[in-house]
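User: I'm new to reading protein models and would like to learn on a real one. Can you walk me through it?

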Amino acid sequence: MTHAMLKGSNVPLDATAVRAVLRWTPGPGVPEVDASALLLGVDRRVRSDEDFVFYNQPRHPSGLVRSLGKKRMPDGVTDSVQTDLAALEPAVDRILIVASTENVPFEHVRDLRIEVYDATAAGSGEPLTYFEVRPETGAETALICGELYRRGEGWKFRALGEGYSNGLIGLATDHGISVDETDEAEDTEGAAAEPASAATSAAAPAPAPEPPAPPSQPPLQPAQPPQPAYGYPQPTAAPAYGYPQSASAQPAYGYPQPAAAAAFAPDPNFRLPPQGPQFVRA
């Protein structure tokens, strides 16, 4: 028979393994709810950060506490955590079952409840007990819905409904978990610095535009005497390259050339005319 609980009440658990299920009704403006668990010692603190089972660390190193993930049911959405109570080492005195949202207060979450099932029973069956979770102020973004705790040789479940307005960060640090807030702080500082720099830029006068650079000019070349057109007889200035010249009027192909052929020798003072504009990527 299912036992309905009031805040602060407790019930004994005969099961050796239990499944704690958070259930809520989705709808417009209703945030997603995440289930997590903290394994605490008798001092109500974790032994290490590994004792925090949540969406980024869904399984305890022992394998005895693990997240089962979300399911969409006909009557709502669930997120579950399963615990093997009988196998837990004695150093674990209690396990907190926590509900949290992504910075959306629980006043927007409809019909939140926690149900505890016997994980060893065949099928889903009926829950051993359930608790309708009501936030105290509505501004909470993390709620301890209940706790599994040792009593003698057995275990009990207590309905709590205790909230934190600073979410999982506040809850985790309150129980001895080291939370790295560096990235969050840097994001906040960056967001604040960006508008300030934009305002400074808007207030500063725009610098005067620089005059455009004059187009580059090719280097001046010394004046050259007019050059004959290519392919026409050249003035007699120098002998043909590499061969002695003869006085014959008509040179024979492939043989030493006459002095008249010196007109076809290249002019050592010849220079190419200046080149046109180049296409250079700015």
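Analyst: The chain has 2 helices and 12 strands; helices (H or I, at least four residues) and strands (E, at least two) are DSSP runs, numbered from the N terminus. Along the sequence the pattern reads β-β-β-β-β-β-β-β-β-β-β-β-α-α. This is a predicted model, where local features need pLDDT of at least 70 and side-chain atom pairs count only at pLDDT 80 or more, while totals for chains, interfaces and linings use all residues. Residues are numbered from 1 along each chain as its sequence is written, and side-chain values use heavy atoms, with hydrogens and water left out.

User: How do I read the strand pairing, and in what order do the strands of the open sheet come?

Analyst: Strands of a sheet pair through backbone hydrogen bonds, in a parallel or an antiparallel way. Here two strands count as paired if DSSP finds at least two bridges between them. The open sheet has 6 strands in the order β2-β12-β11-β8-β4-β5, with antiparallel pairing.

User: Which strands are joined to β7?

Analyst: β3 runs antiparallel to β7 over 8 bridges, with L22 partnered by D79 in β7. Strand β6 (residues 65-73) is also antiparallel to β7, again with 8 bridges; there G69 faces S80. A hairpin of 2 residues links β6 to β7. As for burial, 8 of the 9 residues of β7 are buried, so the rest of the structure largely encloses this strand. Buried means under 20% relative accessible area, exposed over 50%, and partly exposed in between (1.4 Å probe, protein chains only). Across the chain of 282 residues, 34% are buried.

User: Which residues touch the most other members of the largest nonpolar core?

Analyst: A nonpolar core is a set of buried Ala, Val, Leu, Ile, Met, Phe, Trp, Tyr and Cys residues joined through side-chain atoms within 4.5 Å. The largest one has 37 residues, and V65, L88, I95, I114, L148 and F157 touch the most other members. β3 gives the most to this core, with 4 residues. Apart from it lies another core of 15 residues, including V98 and L171.

User: And how much space lies in the largest pocket?

Analyst: Rolling a probe the size of a water molecule over the atoms shows where empty space is left. On a 1 Å grid over the protein atoms alone, with a 1.4 Å probe, a pocket is an open set of points with protein on both sides within 12 Å along at least five of seven lines; lining residues have an atom within 4 Å of a point. The largest pocket holds about 520 Å³. F54, Y55, L168, I169 and V179 are the closest to its centre among the 23 lining residues. Helix α1 (residues 167-174) gives the most to that lining, with 4 residues.

Conventions. Points joined across faces, edges and corners; volume = space filled by probe spheres on them.
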